[in-house]
Amino acid sequence: MENTDGAHPYIARNIGPIRKLGGDNPHGLYLDTPIDGRDTYRIRGQKGSAGWASFQIQRCHAALGKGLSIFGGHLLLPALQTDAQGRFEIGVGPEPQAGQWIVSDEYSEVMVIRQFFNDPDDVRPMDLSIENLSRGHTPKRPLTLADASQKLAGAGQLFQLMVPVMQQM
């Protein structure tokens with residue numbers, strides 16, 4: 001409920017031992033962060049021990065009505081370029097620039113980051129951060145009761161959508 005503002009994003013665990021969605025991989029780490037597809041972001045990181053990782057944009061449901069996939073641009077671990085110490089930088093935004101770049105659009109609302117580990121005894125997740133370059137360091141406004149009510153209603157709507165899907169699995 002709290003990490004939904006693309007102007008002030010941070011990367012957080014999405015699915016895990018106490019928060020499930022479908023059939024998640026027990027050797028996977030699922031993270032996400034809100035984005036506004038019209039803004040430009042920089043993701044910085046340090047590669048960990050994941051044998052597979054992906055950075056993938058998830059679009060809002062309005063994209064489906066426009067004939068677009070729910071998933072947008074992506075970057076997969078085999079293509080991830082790092083320096084000698086395993087550090088990397090990925091740009092995200094509507095206007096591609098030099099370097100590693102994931103193109104967003106007006107429907108982009110979440111960056112989903114998945115990491116899968118081959119060895120359960122060697123699980124070192126990526127060290128990741130995200131910065132909204134379009135908005136700078138504008139202060140985040142406090143959560144209001146109206147905001148909280150709207151976010152709870154949205155969570156209820158998502159639950160209503162997902163229950164039938166999960167019942168068919």
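**View 1. Arg59, a buried arginine in strand S4.** Arg59 has a relative accessible area of 12%, so it counts as buried (under 20% relative accessible area, with exposed being over 50% and partly exposed in between; 1.4 Å probe, protein chains only). This is a predicted model, where local features need pLDDT of at least 70 and side-chain atom pairs count only at pLDDT 80 or more, while totals for chains, interfaces and linings use all residues. Residues are numbered from 1 along each chain as its sequence is written, and side-chain values use heavy atoms, leaving out hydrogens and water. Strand S4 covers 52-59; strands here are DSSP runs of E, at least two residues, numbered from the N terminus. The Arg59 side chain gets to the backbone oxygen of Ser69 at 3.0 Å. Skipping residues up to four places away in sequence, Arg59 touches Leu68, Ser69, Ile70, Phe71, Gly72, Asp105, Tyr107, Ser108 and Glu109 (contact is heavy atoms within 4.5 Å).

**View 2. Gly91, a buried glycine in strand S6.** The relative accessible area of Gly91 is 9%.

**View 3. The open sheet, with strands in the order S7-S6-S3-S9.** These 4 strands have mixed pairing, where two strands pair if DSSP finds at least two bridges between them. At the edges sit S7 (101-103) and S9 (127-132), each pairing on one side only. From one strand to the next, the twist averages 20 degrees (axes are lines fitted to C-alpha atoms, and angles run from 0 to 180 degrees between N-to-C directions). Zoom in on S3 (residues 41-46) and S6 (residues 87-93): they run antiparallel, joined by 6 bridges. Gly45, for one, has Phe88 in S6 as its bridge partner.

**View 4. The largest nonpolar core, with 23 residues.** A nonpolar core is a set of buried Ala, Val, Leu, Ile, Met, Phe, Trp, Tyr and Cys residues joined through side-chain atoms within 4.5 Å. Phe55, Ile90, Val92, Met111 and Leu128 have the most contacts inside this one. S2 (28-34), S3, S4, S6, S8 (108-116) and S9 each supply at least two of its residues.

**View 5. Val92 and its contacts.** Leaving aside neighbours within four places in sequence, Val92 is in contact with Ile35, Asp39, Thr40, Tyr41, Ile43, Ile57, Trp101, Ile102, Ser104 and Met111.

Key: A polar contact is a pair of N or O atoms within 3.5 Å; within protein, one must be able to donate a hydrogen and the other to accept it, and residues adjacent in sequence count only if both atoms are side-chain atoms.
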